[in-house]
Amino acid sequence: MVDTKTALEIRLQSAFDAVEPGADPVLRPSDHADFQANGALALAKRLGRHPRELAEQIVGAASLDDLCEKIEVSGPGFINLTLLGSFVAAQLSTLAADSRLGVGAARTENVVVDYSGPNVAKEMHVGHLRTTVIGDALARMYRFAGHTVIARNHIGDWGTPFGMLIEHLLDLGEEQAIATFSMGDLNTFYKEARVKFDDDDAFKARSRSRVVALQGGDSETLRLWRVLVDESISYFGEVYAKIDVTLVPGDVVGESHYNEMLEGVINDLATAGLLVESEGAQCVFPPGFQNREGEPLPLIVRKRDDGFGYAATDLAALRERVSVLHGDELLYVVGAPQAQHLEMVFAVARLAGWLPDGVRCEQVIFGNVLGPDHKMLKSRSGETVKLVDLLDEAIERAYVILEERGSQLDGEARLHLATQVALAAIKYADLSSERQHDYVFDLERMVAFEGDTGPYLQYAHARVSSIFRRLGEPWQARDVHFELAEGASRALALGLLGLPPALSSSLSSLQPHRLCTYLFDLAQRFTSFYDACPVLSAEGALREERLALCDLTARTLRLGLDLLGIDAPDQM
RNA sequence: GCCCUCGUAGCUCAGCGGAUAGAGCAUUGGCCUCCGAAGCCAUGUGCCCGGGUUCGAGUCCCGGCGGGGGCACCA
């Protein structure tokens, strides 16, 4: 189906085209009508004409009689559009019969989404929250939109720290070490290794020669390394299950995967004439980047000591994503501190011809998670906060609140529900603010069930669901004829028709918060409707209409929340 | 020093060059013999400062001030 906004846009476009081909109607939802087209103002300026007069001309050229009840030029030259009730009704009927709720399936592209990226033998901490939650939401939205998503979990599984980690593994004994890992206590393991490395010269020496053995391909060393990697991946899997993220072990393609390709990256850069030796390192100097002294800034692909830097790995990965995975779109859900590094990697890839112009390649930047003091979130003792601890605390709080609210569920069911609520709280708080901004992590506010929170949306959904539970019999949309006589039901109907543009704008801007804003607005429209329009006590056609609106609301909330990675329980 | 980014209501945040800048929390006051009051309805307050572009600037440009990040071999 053609969604409502698009239907209007198409008609307006041809009216605008009649005056000036290609002119953008700038159609927006309006406070003064259902929609408003602002395009006449900008166009009038460009053509040097009176805006109101131009707007009148456009309205005259538009054929909107079957869609709009009222079209008027207002103010300096806005075109205000009020939809015809019969059109809204017809759209709603189509929507009711559409399992995709009006969202068209896009042309299929391969979208590589790089997110989460924890380090082997290191705890997943709050620093991994945003990349994991945002990346997963984007992956879900892209999949629903019809694209093929290739998730990439670019874990840190290679590099100099592995010398000390393997030596520590040997000191502990493999079984003991594995036990520590399976308890999910990666912090202790890493810290113990670190302390020995810093304080014990003999250990440090062993670690260094272990790195050499690892890089040299010593089989026993590789086996021990594999133990660390496998144990870590299985631990990450537990965390992902806990946070309900779609990443699977098969998405893990760590840094080590690219080891064999690094030499080739260097050679090809050299052949392309891009490689420059500087201070003993092999570098590329992409134009436009400067260091502290105002000199050209290198992307160091091979270090002075002959080791490869992470730039080499990132270049190899990018190349593989384009040439082997055939990615049409490469997304890097990585924090802001990496912005310059990634820009340089992208620039070098373009110089080398590895990144064709047709491929969209973008860092999905996000801001920091701050504590109540507005500084980077840390625990009381100043340590980084473990991700699982964060989740557990949220679950605990959600459980207590459910108890206070007199939840209808108890025991196992309540614990499960508390988990769903806690995840909704954390994910929604993370996704609903503009991605690039820092946000203050305040569990109390997030888990609160009032206001613009995940739990509020779940509650709205639970309320709709309870109507159908009370109904007793399975409900099916028959040929419902929508009258939408009350303001509240009309407002809800318009909200229900708004999913497709909300989702598409969320995707094209890579901003999940636009979908969040839409869902919150829809939930509010629903609760206002719920308050004003009794459903079960209504009769006849009116009852059918209201049930149909409820059904659509439930389906829309479920779908929207699902795209954000949030569950929508039927009962709370 | 250079580059990037952010600065909107008491607090946490929306705002895609357009009309009177919106929500949530908090405040105050109304709503449950009626589908879940975790709700609904009402209530006051605000764009860091100074220039500029524009018919129109929270939004774009320049310059300040303030916070955060980055700026050669850890990734």
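Student: Which element gives the largest share of the surface near RNA strand B?

Tutor: This is a predicted model, in which local features need pLDDT of at least 70, side-chain atom pairs count only at pLDDT 80 or more, and totals for chains, interfaces and linings use all residues. Residues are numbered from 1 along each chain as its sequence is written, while chains are lettered from A and ligands numbered from 1 in the order in which they are written. A residue is near the strand if its C-beta atom, placed from the backbone, lies within 6 Å of it. Helices (H or I, at least four residues) and strands (E, at least two) are DSSP runs numbered from the N terminus, and the largest share, 8 residues, comes from α17.

Student: How many residues surround RNA strand B, and which are the closest?

Tutor: Elements giving two or more residues to this surface include α2 (39-47), β4 (78-83) and α20 (512-532). In total 75 residues surround RNA strand B, and the closest are Leu41, Lys303, Glu434, Gly451 and Ser466.

Student: How many residues of each class does the surface near RNA strand B have?

Tutor: Ala, Val, Leu, Ile, Met, Phe, Trp, Tyr, Cys and Pro count as nonpolar, Asp, Glu, Lys and Arg as charged, and the others, Gly among them, as polar. The surface near RNA strand B has 28 nonpolar, 32 polar and 15 charged residues.

Student: Is Phe189 buried or exposed?

Tutor: Phe189 lies in helix α8 (residues 186-199). A residue is buried with 20 or more other C-beta atoms within 10 Å of its own, exposed with 12 or fewer, and partly exposed in between; C-beta atoms are placed from the backbone. Because Phe189 has 24 such atoms within 10 Å, Phe189 is buried.

Student: Which residues does Leu138 touch, not counting those up to four places away in sequence?

Tutor: Leu138 is among the residues with the most contacts inside the largest nonpolar core. Contact requires C-beta atoms, placed from the backbone, within 7 Å. Leu138 touches Val113, Leu331, Val333, Val364, Leu510 and Pro512.

Student: How many residues has the largest nonpolar core?

Tutor: Such a core is a set of buried Ala, Val, Leu, Ile, Met, Phe, Trp, Tyr and Cys residues joined through C-beta atoms within 7 Å. Helix α15 (residues 412-431) gives the largest share of this core, 11 residues. The core has 166 residues.

Student: What percentage of chain A do buried residues make up?

Tutor: Chain A holds 21 helices and 13 strands. Of its 572 residues, the buried ones make up 43%.

Methods: Two residues are in contact if their C-beta atoms, placed from the backbone, lie within 7 Å.
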